[in-house]
Amino acid sequence: MKTNFRFPSGTGCSGRLLHGALHTLAAALLLFAGSACENEDPDVYTPPAPEPLAPLTLVPNMDPRVQNDIEIEEETTGVYHIHTTGEDPYFCTVPFDGNVPADLNVLAFEYQTDRRTDHIQLFFWTEVDGEVIPDVERTIVTTPFEAADTWKEYSVRIRKCREEFFWGEAGNLLRIDFGTVKDADIRLRNLRLREMTDAERAEDAAENENDQNASVYEERLKEYLHASYTSKVDRVEATADKIRITGSYAGEGSFLLYELPPYADITRIETAYQKYATPLTQSPFDVTFDRMASPEGFPYDRLLSQWAVVCRTAEGDRIVSHGRYADEVAALRNLPPVPMRSKKGLGGFYAGDYTSDLDDLGITSATVNVSPLQFMYLSPAKAGMVEHAYCGETYYFDTEKLDALDATLRETAARDITVAAILLVDPAAEARDAELGALLQHPDYTRGTYTMPNMTTPKAVRAYAAMIDFLAQRYCREDDAYGWKKIAALPGIDGIQWHNWFDHRNEGTLRIGLRRYPDDAEDPGGKKPIWETYRDAGTDREEEAFAPFLSVIGIPDWNILQPVAD
């Protein structure tokens with residue numbers, strides 16, 4: 001930045017003499033410097049570029065009270081050896097003596113390790129009067145690091161965290177979690193906060209712009225959802241090969257039926273969407289299309305689209321109805337309903353050493369977590385993979401991973417247990433196929449595991465639809481190969497799933513499982529008192545098992561929880 005920098009001349013001659021002297025000196029300097037500077041304005045001062053901020057070294061706190069599942073020692077000055085002894089390894093840094101410069105917005109370090117971590121998690125904490133004040137909300141989960149036998153640089157931008165958590169003052173500190181990998185050996189050096197590079201500043205600016213765009217979109221979406229339209233789509237029916245849409249429109253102008261695939265923004269009808277438009281000639285309307293189309297150059301199942309009425313005016317196209325997805329879809333298979341034998345369910349079941357809990361607890365329904373990015377690929381990664389063709393593309397599935405899922409569902413099927421699958425979209429960094437992981441990672445992803453994939457591009461929509469299609473065809477088959485008292489009193493609830501089967505470390509300090517952590521120091525996977533209570537629920541032992549809790553809740557009996565008679 002150039003800033004005008006003049007000596008004030010005042011009203012006397014001394015200022016003019018000084019100003020003239022400066023011109024003379026500037027001319028001499030220009031002659032000395034050569035012709036490259038001939039056009040520089042001698043009255044404009046160009047300040048030197050600011051010196052880069054020195055990085056701030058972070059020091060691990062060697063106090064065992066602020067460490068967990070970790071052994072850490074300083075090999076040489078600033079070089080640390082870490083051995084993880086459990087599945088929740090972390091250490092805290094020594095608190096800051098003073099405030100951290102505002103531009104130090106990158107956490108960076110160099111590392112070597114014998115194995116990949118599944119994630120890195122940072123907690124932005126503080127120390128008061130010598131005591132660390134934990135706050136599980138002030139955290140981010142960021143990308144893991146890969147195994148490396150030579151020094152590799154790791155960095156993560158933390159500007160938004162510093163602003164959101166008001167972090168970087170005297171007494172603040174970092175807790176650094178190294179995933180859930182036990183028996184890992186990690187070497188760490190050059191742990192520091194530093195300025196962003198030019199590339200990082202560009203990435204940060206792009207993210208900031210995305211945040212602002214998201215706020216604008218949210219306002220448009222609210223306006224759309226609360227709007228009252230005179231036109232409407234009444235019904236959408238999908239048969240095996242056709243899509244039928246009925247509705248009506250009213251008002252001045254010409255009207256069109258717009259097909260809006262998942263990657264289209266219904267709050268902003270764009271010119272690019274005109275290829276999805278069909279003119280309407282009468283109201284009410286009743287139109288039928290082929291179910292398969294190729295608007296983007298490859299086969300597309302229009303079952304995935306929503307349909308809306310649009311009015312075309314001189315100013316452009318504007319939406320005049322709410323969108324509508326298919327009301328009725330012709331089923332490929334007609335599976336009989338599975339009767340609920342009780343309301344007792346279990347969340348997050350998988351086949352393994354504790355499968356007998358299904359019998360001991362009397363489970364009749366369960367949820368199973370399915371992470372397709374652990375077994376789905378865009379190209380064959382090895383021999384013997386299962387191929388699945390969908391809309392002109394072939395996808396590949398790891399047989400060994402599918403065998404584990406099959407084993408889980410065989411255990412539930414053998415007991416006539418109703419199963420609901422929870423589809424999880426792992427972060428791109430944890431996907432087996434990096435390209436597929438990047439394709440399906442939600443644009444707003446920051447941390448954790450999402451259930452919502454990226455639906456903003458045709459290729460991503462096709463890949464996710466292929467995933468659903470594969471799972472449905474494999475597991476939805478005609479041959480079927482594959483607060484208790486209150487809940488029990490509610491006829492509108494068919495079943496509950498106890499969440500979780502085991503305590504889960506990624507749920508912070510919550511320990512709401514039926515069993516302890518699988519790596520619990522005292523009793524790995526051990527039954528908690530709630531296990532016994534849940535086992536007795538819905539049996540002839542229920543009243544005796546539940547009686548001690550009446551005084552805890554403060555009620556005389558369970559009758560107050562019964563539904564009121566009509």
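Is Cys161 buried or exposed, and at what relative accessibility? Cys161 counts as buried because its relative accessibility is 7%, where buried means under 20% relative accessible area, exposed over 50% and partly exposed in between, with a 1.4 Å probe and protein chains only.

The legends below describe a predicted model, in which local features need pLDDT of at least 70, side-chain atom pairs count only at pLDDT 80 or more, and totals for chains, interfaces and linings use all residues. Residues are numbered from 1 along each chain as its sequence is written, and side-chain values use heavy atoms, with hydrogens and water left out.

**View 1. Overview of the protein chain.** The secondary structure comes to 11 helices and 31 strands; helices (H or I, at least four residues) and strands (E, at least two) are DSSP runs numbered from the N terminus. Of the 566 residues in the protein chain, 40% count as buried.

View 2. Cys311 is buried, at a relative accessible area of 1%. Zero disulfides turn up in a search of the whole structure, a disulfide being a pair of cysteine sulfur atoms within 2.5 Å.

**View 3. The largest nonpolar core.** This core has 44 residues, and those with the most contacts inside it are Tyr258, Leu260, Tyr395, Leu436, Leu440 and Leu471. Two or more residues each are given to this core by β17 (254–260), β22 (306–313), β26 (365–370), β29 (393–397), α5 (399–414), α6 (434–440) and α7 (458–475). Helix α7 supplies the largest share, 10 residues. Apart from this core lies another, of 31 residues, among them Ile72, Tyr80, Val100 and Trp167. A nonpolar core is a set of buried Ala, Val, Leu, Ile, Met, Phe, Trp, Tyr and Cys residues joined through side-chain atoms within 4.5 Å.

**View 4. Surroundings of Tyr395.** Leaving aside neighbours within four places in sequence, Tyr395 is in contact with Met376, Tyr377, Leu378, Val386, Glu387, His388, Tyr390, Arg462, Ala463 and Ala466. Contact means heavy atoms within 4.5 Å.

View 5. Strands β5 (residues 70–76) and β6 (residues 79–84) run antiparallel and are joined by six bridges; two strands pair if DSSP finds at least two bridges between them. Glu74 stands opposite Tyr80 in β6. The hairpin has two residues between the strands, and Gly78 takes a positive phi near 80°.

**View 6. A four-stranded open sheet.** The strand order is β19-β16-β15-β24, with mixed pairing. The edge strands, β19 (285–290) and β24 (328–329), each pair on one side only. Strand β15 (residues 232–238) runs antiparallel to strand β16 (residues 242–248), and six bridges join them. Val233 stands opposite Gly247 in β16.

**View 7. The pair Arg515 and Asp357.** A salt bridge links Arg515 with Asp357, the closest N and O atoms being 2.7 Å apart. Both Arg515 and Asp357 are buried. A salt bridge is a side-chain nitrogen of Lys or Arg within 4 Å of a carboxyl oxygen of Asp or Glu; by this rule the count comes to 39 salt bridges.

**View 8. Asp536 and the end of helix α9.** Asp536 is found in helix α9 (residues 529–536), whose buried residues are Trp531, Thr533, Tyr534 and Asp536. Asp536 counts as buried because its relative accessibility is 8%. Asp536 forms a salt bridge with Arg535, the closest N and O atoms being 3.0 Å apart, and another with Arg541, where the closest N and O atoms are 2.7 Å apart. Arg535, at 24% relative accessibility, counts as partly exposed, and Arg541 counts as partly exposed at 37%. Leaving aside neighbours within four places in sequence, Asp536 is in contact with Lys344, Arg541, Glu542 and Ala545. Just after α9, Gly538 takes a positive phi of about 80°.
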